[in-house]
Amino acid sequence: MVLASLNAITLATHDMAAAVAFYRALGFELKYGGEASDFTSFHAGPHDHLNLIAVPRQTSIAWWGRAIFYVKDVDAFHSAAVVAGLEPEAQPSDAPWGERFFHITDPDGHELSFAAPL
């Protein structure tokens with residue numbers, strides 16, 4: 001059995017409106033749902049999706065890992081995030097494994113990385 005692709009990743013959120021605003025500011029295109037929805041889906045590539053699911057405040061959202069998205073120009077993407085009022089963890093940098101990248105954390109603590117091969 002061979003996997004063909006990853007279609008979607010779904011992240012939990014305590015505040016759908018804040019999460020939707022964050023992902024829109026990063027340039028994700030809304031496919032379904034929105035600020036008042038219990039489930040929202042964004043395009044994250046030609047055939048890929050980033051989903052958000054609302055969970056009650058009493059539900060703990062624990063660190064789980066990091067989603068990595070490839071972009072055409074890491075530095076331009078970082079600059080656009082800063083201009084949109086978002087706060088990446090650091091400036092883009094070159095990694096020894098052959099990518100240029102930066103990290104940012106969404107309002108619920110989910111870590112995201114935006115990268116491009118060197």
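A salt bridge is a side-chain nitrogen of Lys or Arg within 4 Å of a carboxyl oxygen of Asp or Glu. By that rule, D75, D94 and R100 form a linked network of salt bridges. The model is predicted, so local features need pLDDT of at least 70 and side-chain atom pairs count only at pLDDT 80 or more, while totals for chains, interfaces and linings use all residues. Residues are numbered from 1 along each chain as its sequence is written, and side-chain values use heavy atoms, without hydrogens and water.

**Salt bridges**

The whole structure holds four salt bridges.

| Pair | Closest N and O atoms |
|---|---|
| R24 and E35 | 2.7 Å |
| R66 and E111 | 2.8 Å |
| R100 and D75 | 2.8 Å |

The R100 and D75 pair links distant parts of the chain. R100 sits in strand β7 (residues 99-105) and D75 in helix α2 (residues 74-83), 25 residues apart. Helices (H or I, at least four residues) and strands (E, at least two) are DSSP runs, numbered from the N terminus.

R100 is partly exposed at 23%. D75 is partly exposed too, at 32%. R24 has 37% and E35 has 39%; R24 is partly exposed, and so is E35. E111 counts as buried, at 16%.

**The four-stranded sheet**

Four strands form an open sheet in the order β1-β4-β3-β2, with mixed pairing. Two strands pair if DSSP finds at least two bridges between them. Strands β1 and β4 (residues 49-54) run parallel, joined by six bridges. Within that pairing, T10 has N51 in β4 as its bridge partner.

**T40 in strand β3**

T40 lies in strand β3 (residues 39-43). Is T40 buried or exposed? T40 is buried, with a relative accessible area of 0%. A polar atom of the T40 side chain lies 3.0 Å from the backbone nitrogen of G34.

Technical notes. Buried means under 20% relative accessible area, exposed over 50%, partly exposed in between (1.4 Å probe, protein chains only). A polar contact is a pair of N or O atoms within 3.5 Å; within protein, one must be able to donate a hydrogen and the other to accept it, and residues adjacent in sequence count only if both atoms are side-chain atoms.
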